[in-house]
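Here is a short briefing on nonpolar cores and salt bridges. Please look at the sequence and structure first.

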Number of protein chains: 2
Amino acid sequence: MKTRFAATLLAVLPAFAEKSGAEPLPSWRDGAAKSAIVGFVQRVTAPGSPDFVHPAERIAAFDNDGTLWSEKPMYVQARFALDRVRALAAGHPGWKTEEPFASVLRGDDRKALAGGEQAVLKIIAASHGGTTAEQFSASVERWLAQARHPATGRLYTDMTYQPMVELLAYLRENGFKTFIVSGGGVAFIRPWCEGAYGVPPEQVIGSSVRLRYEVRKDEPVVVRQPEIDFVDDKAGKPVGIQRHIGRRPVIAFGNSDGDFEMLEWTTAGPGPRLGVIIHHTDEQREWAYDRESPVGRLDRALDEAPARGWRVVDMRRDWRQVFSPAKD
Amino acid sequence: MKTRFAATLLAVLPAFAEKSGAEPLPSWRDGAAKSAIVGFVQRVTAPGSPDFVHPAERIAAFDNDGTLWSEKPMYVQARFALDRVRALAAGHPGWKTEEPFASVLRGDDRKALAGGEQAVLKIIAASHGGTTAEQFSASVERWLAQARHPATGRLYTDMTYQPMVELLAYLRENGFKTFIVSGGGVAFIRPWCEGAYGVPPEQVIGSSVRLRYEVRKDEPVVVRQPEIDFVDDKAGKPVGIQRHIGRRPVIAFGNSDGDFEMLEWTTAGPGPRLGVIIHHTDEQREWAYDRESPVGRLDRALDEAPARGWRVVDMRRDWRQVFSPAKD
């Protein structure tokens, strides 16, 4: 009976919520993109609609970098990794003469990264491995509490996109489970995604290092190994989603060719599907980039969007506001 | 406003539910085990309690085989794998003379498994790889719809433990997120766990084969490879939980030494923690086994339970009823 009672109350909640009359997605300008999103959600949630999707199947997947927050001029996590190498340098005197660390310690991030994949892997291993899961999480929180974006001077967690934060909440109000599916590290996103996006840590899928369970002086811990275990990018995104969720999303949002396969797999499923690309077109309020950008390159997905029925959001035209209100 | 309104209603729901007055866990006999569980839940959910646990941190982890349903005389998934080898045999004429398949096809499961780990890996590769994720899921559903337990004649999904089904629901009513953390295959559990336990597929952690994304004749699919990717057992359980959930559970239930590390890690965390072992003591209604059993061996965890503060549930004494009511 308890369950029945709770279920009944929950079932009527959306109806009440709708009657409260607030316009959804206030930071989205009226136009084709907003109409497509709202129209889709209404179609799949209206009881009796031929496109009705059972609540259990309302899964929405969101890329993070460039889709939910800024990724320019450099992925936030790359900035974190470089700062963390500098923070750990005192314990590694050899780094003063060993590349790529020597360049990082001199503040020459460009030269440090010029070593390509090998350099990046060394920096990831040094900055992302070797701690317990709980220690790593705390180091991310400490860094985010004080690090600021070089161009805007804002805290990074204040560089989330307000229209997307509203969209995540709107989808949840309509019975969707919202997941982050990021090429970035899952452990880098989990400490702050609940506060920033309302997405709990267990609904984040991302790249990861290998983990190992150990008992250290009677204290059981999960230790991060200096070794990449899974890359949640490109064809890794559908794999990561299947591994974690076990079903295909109904909605996917991305902004780069790294999201191509996630959009492809999502929108090829049976029944109603929504695939959306956030196109960075706003050099006044954010950045404008696509085909030529080394970060967040958007080329093939932009070409194929019309034929595949993917909506392209024009950030400059479709968003009334870009960033979430600063919290500091 | 909508969100505020919904949040308010959700916040008062537990209060309403409590007032409905139904006794929780009707299939548990009154006694130390039930009191410990109910007392713990009341302590961590009572506002103002020094042991109050924030709803976001209310994570409960449950082993599956032997904790939520029967695992005797053989893991259900092993039975599925053997049946699936027989179902696929027509397409593999070579299996008639190749072990372990030849023994499986003659119905001599014992001899088939006598080949040890190599034999098991061959059977898993043959029975669990090579299909798309969606095809595999459908094959599990087809099999469960007709396969019956050799001793009880029941459908396997009717061999879930009613006291545990009630416990899962009781924890969810009290704001817990319930996860299955199984040594068995995640893809074997996901098709039926929502119906049987109220646990959605995305809240299942388990062993897995490697997955690969492919586009086959314009159809994007995730294909199961004939290769084990992750073993979610023993020290793999804390690793699987950290990978998937990103935080340590507050409650863990298991029944064998395969759950030792999960219980150890869970109950070593700060604040209130509950670790429980289901002890199979009921040869009348189910099975009685522990230290000597090849399936679900419970030895070290039983020895160390008192010192570690883990509760041991005596199935015969503590459960009024064992199995869920048959649905066929």
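The notes below cover the cores, then the charged pairs.

This is a predicted model: local features need pLDDT of at least 70, side-chain atom pairs count only at pLDDT 80 or more, and totals for chains, interfaces and linings use all residues. Residues are numbered from 1 along each chain as its sequence is written, chains are lettered from A in the order written, and side-chain values use heavy atoms, without hydrogens and water.

**Nonpolar cores**
- The largest nonpolar core has 52 residues. Such a core is a set of buried Ala, Val, Leu, Ile, Met, Phe, Trp, Tyr and Cys residues joined through side-chain atoms within 4.5 Å.
- Met164(A), Leu167(A), Tyr197(A) and Phe253(A) have the most contacts inside this core.
- A second, separate core of 51 residues includes Trp192(B) and Met315(B).

**Salt bridges between chains**
- Over all chains there are 49 salt bridges (a side-chain nitrogen of Lys or Arg within 4 Å of a carboxyl oxygen of Asp or Glu).
- Lys177(A) pairs with Glu202(B) at 2.9 Å, N to O. Lys177(A) lies in strand β2 of chain A.
- Glu202(B) is buried at 5% relative accessible area, whereas Lys177(A) is partly exposed at 22%. Buried means under 20%, exposed over 50%, partly exposed in between (1.4 Å probe, protein chains only).
- Arg243(A) and Asp229(B) form a salt bridge at 3.6 Å, N to O.

**Within chain A**
- Asp282(A) and Arg285(A) form a salt bridge, with the closest N and O atoms 2.6 Å apart.
- Asp282(A) is buried at 1%; Arg285(A) is partly exposed at 29%.

How values were computed
Helix = DSSP H or I, 4+ residues; strand = E, 2+ residues; numbered from the N terminus.
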